[in-house]
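Please look over the sequence and the model first, then read the points below by topic.

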Amino acid sequence: MEENFYEGSIVLLEGAIANINAKLDIIRKYRLINGKQDPISHIVSRVKSEESMKEKLKRKGFEVTLENALTKVYDAAGMRIICNYIDDVYEVAEMLKHYQDLKVVKEKDYIKNPKPNGYRSYHIIFELSLDLAGEITPVYVEIQIRTIAMDFWSSLEHEMKYKKNVKNPELIVEELRRCADEIATTDLNMQTIKKMIDARGDDE
Ligand code: 0O2
């Protein structure tokens, strides 16, 4: 289905995701052989479905065209990097920013500035200069970096948003907001405990 809408550009979108996945794979392995901890728990990626892309283009007031999907909306290619700890989120963001072929187009820190509903995540839109045998082609990739807990929350909230005829929506929104705050506190506590464990190891 996606192939029809994105036409040949699907190769660029999938290629951009594969390129960034390969970069991360090398760093993760290199860190491990050098005795450093892996800041990433797991990575999920996708090319935005045709239906979801068309909906987003309309929502943002753009004409539904392939050109607009590739240049006006930046998440046709999307990756989600899930980390154990909050510090890891920022470390991964910095790691990616060091690549010369990745240019930051937009950055949003919804961890320091959560959305009113409680959504927390670190978003970066990169423009990847994809080298096609000397022909440099820019491709946008949206990378969302968040903790396991933030990701768990986000999945449930996303599920609610897209479900029709939900009973007690106000109560659910309020409960989700409460859980988001609890999760934020737990993330901070887990980070502190982790630091305490690592500091003890250094003394020995
Ligand atoms: P989907 O269906 O998940 O793909 P803007 O920069 O504001 O012009 P945009 O793209 O709305 O444009 O930026 P934003 O706010 O950074 O959101 C990008 C993506 O982050 C969304 O894509 C969601 O995947 C995720 N996101 C943002 N806010 C929320 C939220 O409140 N709850 C959840 N669960 N996810 C959120 P899409 O295409 O909107 O949605």
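Ser129 lies in strand S4, which covers residues 122-132; helices (H or I, at least four residues) and strands (E, at least two) are DSSP runs, numbered from the N terminus. The model is a predicted one: local features need pLDDT of at least 70, side-chain atom pairs count only at pLDDT 80 or more, and totals for chains, interfaces and linings use all residues. Residues are numbered from 1 along each chain as its sequence is written, and side-chain values use heavy atoms, with hydrogens and water left out.

- Ser129 counts as partly exposed because its relative accessible area is 29%; buried means under 20% relative accessible area, exposed over 50%, and partly exposed in between, with a 1.4 Å probe and protein chains only.
- Apart from neighbours within four places in sequence, Ser129 is in contact with Asp101, Ile136 and Thr137, where contact means heavy atoms within 4.5 Å.
- Between the C-alpha atoms of Ser129 and Leu176 there are 39 Å in space, and the two residues are 47 apart in sequence.

**The chain as a whole**

- Seven helices and five strands are found in the chain.
- Along the sequence, their pattern reads α-α-β-α-α-β-α-β-β-β-α-α.
- Taken along the principal axes, the C-alpha atoms fill a box of roughly 60 × 50 × 25 Å.
- The chain has 204 residues, and 39% of them are buried.
- Of the contacts between residues at least 6 apart in sequence, 65% join residues at least 24 apart.

**The ligand**

- There are 20 residues around the ligand, and Lys48, Lys56, Lys106, Lys108 and Glu157 come nearest; a residue is near a molecule or strand if one of its heavy atoms lies within 4 Å of it.
- Glu157 places a polar side-chain atom 2.7 Å from a nitrogen atom of the ligand; a polar contact is a pair of N or O atoms within 3.5 Å, and within protein one must be able to donate a hydrogen and the other to accept it, while residues adjacent in sequence count only if both atoms are side-chain atoms.
- In the side chain of Gln144, an N or O atom is 3.1 Å from an oxygen atom of the ligand.
- For Lys161, the distance from a polar side-chain atom to an oxygen atom of the ligand is 3.3 Å.
- On its own the ligand has 750 Å² of accessible area, and the protein covers 80% of this.

**Two buried residues**

- Thr147 is in strand S5, residues 135-147, and counts as buried because its relative accessible area is 0%.
- A polar atom of the Thr147 side chain lies 3.1 Å from the backbone nitrogen of Met150.
- Beyond its neighbours within four places in sequence, Thr147 is in contact with Ile82, Cys83, Asn84, Tyr85, Ile86, Val89 and Asp187.
- Ser9 is in helix H2, residues 9-33, and its relative accessibility is 16%, so Ser9 counts as buried.
- Leaving out neighbours within four places in sequence, Ser9 is in contact with Leu66 and Leu70.

**Helix H7**

- Ile197 is in helix H7, residues 169-203, and is exposed because its relative accessible area is 55%.
- Together with Met190 and Ile193, Ile197 forms a nonpolar patch on the surface, with about 290 Å² of accessible area.
- Patches are made of residues with over 30% relative accessible area and no salt bridge, with like charges joined within 9 Å and nonpolar side chains (Val, Leu, Ile, Met, Phe, Trp, Tyr) within 5 Å; a salt bridge is a side-chain nitrogen of Lys or Arg within 4 Å of a carboxyl oxygen of Asp or Glu.
- Val173 is found in helix H7 as well, and at 42% relative accessibility Val173 counts as partly exposed.
- Val173 and Lys161 are 12 residues apart in sequence, with 9.8 Å between their C-alpha atoms.

- Most residues other than glycine have a negative phi.
- Glu7 is not a glycine, yet has a positive phi of about 50°.
- Glu7 lies in the loop between helix H1 (2-6) and H2, and is exposed, with a relative accessible area of 52%.
- Ala133, also not a glycine, has a positive phi of about 50°.
- The loop between S4 and S5 holds Ala133, which counts as exposed at 85% relative accessibility.

Terms used:
Areas by Shrake-Rupley, 256 points an atom, 1.4 Å probe, with all protein chains shown as cover.
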